Amino acid sequence: MPSGAPSGAPAARRGLLLLVIGLAGFVTTLDNTVVTVALPTLQAELGASLAALEWVVTGYVLTFSGFMLAGGRLADVYGRRRVLVAGLAVFAAASLAAGLATSVGALVAARLVQGSGAALILPAMLAIVAVGNDERRRSVGVAVWMASGAGALALGPVVGGYLTQHFHWSWIFLLNVPLGVLIIALATVAIPESRDERAARVDVPGVASSVVVLSAGTFALTFGAELGWTSPPILVAVLFAVAAALLFAVAERLGEDPMVDLALFRSRTFTGGVIAQVLWGLGVNGVFFFTALFLQGVLGFSPTASGLAFVPLALLVVVVTPLVPFAERRIGAARTVALGLVLVAAGMAAVAFLRPGDGWAELLPSVCVIGIGSALTMPLGSAVLGAVPESRAGVAGGVFSVAREMSGLFGIAIIGVIVNGSASFTAGYSTGLLVAAGLVVTGAAISLVTLR
């Protein structure tokens with residue numbers, strides 16, 4: 001255990017550490033969704049085209065996903081607290097630049113940098129949760145991160161809409177600056193430094209090829225449906241991703257100090273947990289992308305009501321999360337996660353049978369079941385992080401985070417094909433929900449077998 005590890009820290013320091021995890025997880029997730037409702041205002045004030053507005057949203061996701069594996073390895077080599085603080089500084093500075101932007105080009109550039117800062121924050125934060133902590137404290141740390149993320153996803157459109165309507169769109173980004181400074185100050189006090197003492201250098205070929213794989217793959221998945229899956233930009237992106245993936249595999253197999261030690265995947269718990277996370281992301285994120293369209297276009301909800309529909313889900317995640325450790329101790333991590341995934345799948349399947357004329361009374365039970373089930377999946381992240389050596393905690397956090405982000409993009413693409421290939425949006429959405437529920441149930445079965 002590294003000197004000064006969190007498990008030996010006083011209760012006050014542990015509380016501050018959890019506060020850092022919660023705030024860092026909240027701000028990085030919030031910026032995935034907070035900007036969407038401000039797009040019409042941005043278009044009017046900055047004279048932005050629709051294509052440029054897409055880059056305001058996707059630019060953050062592109063660098064966030066693309067640099068995450070690299071961020072995890074940098075945290076292991078140079079120090080988890082150091083990389084976390086550096087990521088927060090980059091994120092806050094880019095947020096300031098975004099808030100002060102007077103052109104859409106400057107705003108897109110700031111969003112790209114902002115995403116790269118978030119890519120340093122997340123894997124470093126998960127590594128800090130894993131290093132020096134026993135299973136219980138690791139579970140609490142992961143639960144705080146996931147609960148804060150759930151709250152951010154639900155509140156993002158609400159916060160963005162309120163700030164844009166009553167103040168100015170720039171405050172969506174400017175609020176990150178004092179928050180970033182606060183988190184940096186708390187991290188300096190609460191988090192002891194730790195690193196992989198055996199790592200002498202960064203695996204440059206591995207880092208570079210992983211960035212190309214993930215960035216090109218993210219671009220293809222994000223713009224494939226719009227530009228056409230056989231259009232030249234998408235085909236070029238796919239070719240770059242495939243070529244870089246091959247280079248990455250060779251670099252990791254032959255390198256003296258590979259960024260991602262492929263031996264990690266010999267662990268049944270690590271591999272099974274990552275696969276379960278991928279299946280969850282394919283199903284849940286893929287469907288949720290189309291849910292706002294379903295609520296407004298089929299059930300007749302207003303934009304405000306459709307945004308509020310996600311709030312009960314997030315609230316239940318926050319409320320149920322503190323109870324999850326009790327369930328985990330009673331029935332074990334594998335059964336807790338599997339039960340959660342089954343509940344999520346059941347809620348999704350129930351939504352598939354909603355039809356025009358249905359309202360809150362029919363929707364709310366399904367949303368609540370999904371929220372409770374999502375909370376019960378909290379031990380998944382803890383199990384994955386606990387299955388690897390502490391020296392590789394940053395990379396493990398990066399792999400888990402990439403699985404979470406990229407599976408969502410794949411899910412959107414897959415469910416989008418189903419929706420677009422159906423006779424009507426309602427039929428396609430219902431079919432997509434059932435397919436997604438099947439993927440999540442498969443993840444439950446894998447969790448039950450591998451997380452023991």
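**Inside the helices**

Tutor: Thr336 sits in helix H16 (helices are DSSP runs of H or I, at least four residues, numbered from the N terminus). Keep in mind that this is a predicted model, where local features need pLDDT of at least 70, side-chain atom pairs count only at pLDDT 80 or more, and totals for chains, interfaces and linings use all residues. Residues are numbered from 1 along each chain as its sequence is written, and side-chain values use heavy atoms, with hydrogens and water left out.

Student: Is Thr336 buried or exposed?

Tutor: Thr336 counts as buried because its relative accessibility is 1%. Buried means under 20% relative accessible area, exposed over 50% and partly exposed in between, with a 1.4 Å probe and protein chains only.

Student: And what is Thr336 in contact with?

Tutor: Leaving aside neighbours within four places in sequence, Thr336 is in contact with Val324, Ala327, Glu328, Ile331, Leu376 and Pro379. Contact means heavy atoms within 4.5 Å.

Student: At what angle do H16 and H20 pack?

Tutor: About 170°, with the axes of H16 (residues 333-351) and H20 (residues 425-450) 8 Å apart. Axes are lines fitted to C-alpha atoms over the stretch in contact, and angles run from 0 to 180 degrees between N-to-C directions. That makes H16 roughly antiparallel to H20 (the label for angles over 145 degrees).

Student: Which residues make that contact?

Tutor: Among them are Ala338, Leu341 and Met348 of H16, and Leu433, Val440 and Gly443 of H20.

Student: New topic. Which residues of H2 are buried?

Tutor: In H2 (residues 39-46) the buried ones are Leu39, Leu42 and Leu46. They cover an arc of only 55° around the axis, so they lie on the same side of H2; the arc is that of the directions from the helix axis to the C-beta atoms. Pro40 and Ala44 are exposed, on the face turned away from the buried side of H2.

Student: What follows H2?

Tutor: Gly47, with a positive phi near 65°.

Student: How many residues are in the largest nonpolar core?

Tutor: 106, and Phe270 and Met348 are among those with the most contacts inside that core. A nonpolar core is a set of buried Ala, Val, Leu, Ile, Met, Phe, Trp, Tyr and Cys residues joined through side-chain atoms within 4.5 Å. Helix H19 (residues 393-420) gives the largest share, 13 residues. Another core, of 23 residues, lies apart from it, and Leu42 is one of its members.

Conventions: Helices (H or I, at least four residues) and strands (E, at least two) are DSSP runs, numbered from the N terminus. Angles under 35 degrees count as roughly parallel, over 145 as roughly antiparallel, 65 to 115 as roughly perpendicular and the rest as oblique.
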